[in-house]
There are 2 protein chains.
Amino acid sequence: MKSLVEIQEYVAKLFESENFKKQPLALYEPFQYTMDLGGKRLRPLLTLIAADMFGAELDDAANVAMAVELAHNFTLLHDDIMDESPLRRGKPTVYQKFGIDKAILSGDVMYSKAYEYLLQSDTKKIPALVKTMTSVLVQVCEGQAYDMNFEHRSDITQKEYITMISLKTAVLLAACLKMGAIVAGADKKSMNALSEFGLYLGIAFQLQDDILDCWSNLAEFGKVIGSDIADNKKTILFFSAVEKADEKDMQELVTWYLEKTTDFQKKKQRVIELFEKYNVKDDVEQMIGAYTIQAIDALDKMDIEDEKKENLRTLAKQLINRNK
Amino acid sequence: MKSLVEIQEYVAKLFESENFKKQPLALYEPFQYTMDLGGKRLRPLLTLIAADMFGAELDDAANVAMAVELAHNFTLLHDDIMDESPLRRGKPTVYQKFGIDKAILSGDVMYSKAYEYLLQSDTKKIPALVKTMTSVLVQVCEGQAYDMNFEHRSDITQKEYITMISLKTAVLLAACLKMGAIVAGADKKSMNALSEFGLYLGIAFQLQDDILDCWSNLAEFGKVIGSDIADNKKTILFFSAVEKADEKDMQELVTWYLEKTTDFQKKKQRVIELFEKYNVKDDVEQMIGAYTIQAIDALDKMDIEDEKKENLRTLAKQLINRNK
């Protein structure tokens with residue numbers, strides 16, 4: 001078994017050594033740009049940790065690790081258009097730099113390339129891998145559709161919000177783990193427990209992301225701080241605050257999120273004041289804690305030596321305590 | 001073996017009986033709208049003809065037929081955004097009706113759904129089917145990228161244009177046939193010959209499409225006539241005319257295609273006059289004839305009874321002589 005650091009280094013090298021730039025450049029230059037933006041590479045890391053846990057060589061799961069990162073980046077390319085996000089990892093988003101057309105098209109080819117990487121697997125494992133990736137990508141689109149729908153509503157319950165982020169974010173993390181386990185030929189029971197871990201961890205991860213948008217700093221986070229507020233993007237913080245606020249504050253919050261204000265500083269300050277008045281950060285941190293415990297509990301259901309679960313435990317702690 | 005008409009009826013029923021509309025509607029309403037637009041269903045027809053030729057039941061290839069049509073429609077949804085096309089099959093395009101965001105996202109989910117249909121196949125055939133579809137979708141994106149690049153150039157040779165339409169259109173037709181043959185377990189040699197037939201037919205088909213944009217009528221064609229000219233979309237007609245025209249006419253043509261004129265009638269009339277002055281319609285019709293012969297020749301390379309090739313011969317004739 002490899003250490004977490006060894007696997008992280010393997011992931012970094014894997015992506016550094018791959019060259020995506022070829023003809024036609026209109027297609028593959030935005031592709032390479034996206035991959036050069038880097039990022040946490042969390043999804044391939046999960047795939048490789050899972051493969052390693054169940055005894056596979058990292059090299060045998062490298063193509064799957066590549067596939068999940070490409071599939072993830074495909075969704076980011078398109079989401080950034082829909083969300084009109086100016087920055088990703090501190091740099092202009094693809095549609096900002098290359099235009100909407102190229103962002104659509106290079107996202108499309110990236111998704112096909114993800115399948116091409118998957119197809120490098122052992123033939124017997126291809127159907128299960130393709131099935132897992134495909135079904136999760138359908139769910140990610142559904143999650144994004146719910147997310148867009150929430151823009152027009154203020155009465156979303158925490159439960160509805162959790163369903164949305166499960167689809168949009170958490171199921172992919174679960175699938176990355178499962179696909180690593182498929183490569184390693186893990187048993188069904190462990191695979192299900194692993195997926196459960198990934199799902200709960202993914203929810204906790206996204207809730208943490210929502211918090212970091214408000215209480216973080218640009219240099220570490222790589223996005224504009226308070227950009228969710230500026231973009232009227234309703235996260236768990238907004239919905240929790242609306243639920244707890246008195247009528248007057250609730251109306252004020254809703255009004256801020258209707259406004260396309262240019263005085264972003266004032267808007268951000270006032271919205272965060274309201275979030276703090278109703279302690280929503282504490283509430284969400286409690287939720288994160290609860291989901292993290294559920295994730296760790298899921299690990300206990302797996303029939304493998306406890307020490308083999310250590311990498312996932314360590315990673316879970318790192319993700320929840322991160323500040324970027 | 002089924003008759004062409006029987007297979008066509010099977011295709012029509014297949015798509016009528018399928019319901020794609022479910023929650024979330026933001027995602028699946030544009031999806032259903034797209035499928036309701038209908039169209040020739042040429043790609044599933046090719047898949048089913050090929051499957052039938054090599055002895056498979058139509059039911060055994062129905063899921064693959066569905067997959068290829070969804071994959072094709074996914075590319076249309078996104079192409080219509082990039083090409084700013086207002087109409088498809090006589091109705092508003094998805095991005096016009098539902099907005100760019102929903103057109104991107106429902107296109108994305110449509111592509112995943114195409115894989116879901118493929119995955120309903122016999123497990124042993126899944127790797128080959130997924131590989132064929134994936135590699136062709138990469139090529140379609142590359143073709144679209146070249147096509148967009150041609151917008152900024154007037155010096156494209158016929159050969160370059162043929163390469164572009166091969167990638168953007170013809171390889172998918174070839175793949176549809178190949179996938180039907182995979183389902184039926186056809187031999188490699190026949191499969192290659194079939195792909196060759198599809199490639200040449202696809203080129204002839206697209207060249208015919210370029211002609212129909214100029215010399216057709218709205219009611220039958222379902223698109224705005226001369227819309228390629230209005231949109232400054234350079235087709236084989238433009239590049240052939242530029243190649244043959246004298247300096248003055250060449251400059252005039254290039255200038256028309258730079259202009260975002262509102263006097264579309266005048267532009268269309270003058271451009272078509274120039275096309276006719278240089279007989280480019282005749283040239284392209286000759287090319288279509290030559291590619292059709294190459295397609296038919298490819299059929300001769302297949303080791304099956306001649307009568308089994310009849311459906312493809314008939315279809316080829318229909319496609320080349322169509323007026324919509």
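At 13% relative accessibility, B:Arg313 counts as buried, where buried means under 20% relative accessible area, exposed over 50%, and partly exposed in between, with a 1.4 Å probe and protein chains only. This is a predicted model, so local features need pLDDT of at least 70, side-chain atom pairs count only at pLDDT 80 or more, and totals for chains, interfaces and linings use all residues. Residues are numbered from 1 along each chain as its sequence is written, chains are lettered from A and ligands numbered from 1 in the order in which they are written, and side-chain values use heavy atoms, with hydrogens and water left out.

Back to B:Arg313. This residue sits in helix H16 of chain B, residues 310–320; helices here are DSSP runs of H or I with at least four residues, strands are E runs of at least two, and both are numbered from the N terminus. Leaving aside neighbours within four places in sequence, B:Arg313 is in contact with B:Ile296, B:Leu299, B:Asp300 and B:Asp306, contact meaning heavy atoms within 4.5 Å.

B:Asp80 belongs to helix H4 of chain B, residues 58–82. Not counting residues up to four places away in sequence, B:Asp80 touches B:Ser85, B:Arg88, B:Thr93 and B:Tyr95.

Next, salt bridges. The structure holds 34 of them over all chains, each being a side-chain nitrogen of Lys or Arg within 4 Å of a carboxyl oxygen of Asp or Glu. In one of them, A:Asp147 pairs with A:Lys168, the closest N and O atoms being 2.7 Å apart. A:Asp147 lies in helix H7 of chain A and A:Lys168 in helix H8 of chain A, so the pair ties together parts that are 21 residues apart in sequence. Both A:Asp147 and A:Lys168 are buried. A network of salt bridges links A:Asp79, A:Asp147, A:Lys168 and A:Lys233.

In chain B, the side chains of B:Lys113 and B:Glu116 meet in a salt bridge at 3.3 Å, N to O. Both lie in helix H6 of chain B, residues 100–118, 3 residues apart, about one turn of the helix. B:Lys113 counts as buried at 15% relative accessibility, while B:Glu116 is partly exposed at 26%.

Now the core. The largest nonpolar core has 248 residues; such a core is a set of buried Ala, Val, Leu, Ile, Met, Phe, Trp, Tyr and Cys residues joined through side-chain atoms within 4.5 Å. Helix H8 of chain A, residues 158–184, gives the most to this core, with 16 residues. Among the residues with the most contacts inside the core is A:Leu207. Outside its sequence neighbours within four places, A:Leu207 is in contact with residues including A:Tyr161, A:Ile236 and A:Tyr291.

A:Ile236 is also one of the buried residues of helix H12 of chain A.

Last, the chain contact. How many residues does each chain give? The contact takes 36 from chain A and 36 from chain B. The area buried between the chains is about 3,100 Å², of which carbon and sulfur atoms give 78%; buried area is the accessible area (1.4 Å probe) that two parts lose on being put together, summed over both. Across this interface the rule finds 2 salt bridges, one of them between B:Lys22 and A:Glu142 at 3.4 Å between the closest N and O atoms. H7 of chain A provides the largest share of the side of chain A that touches chain B, 14 residues.
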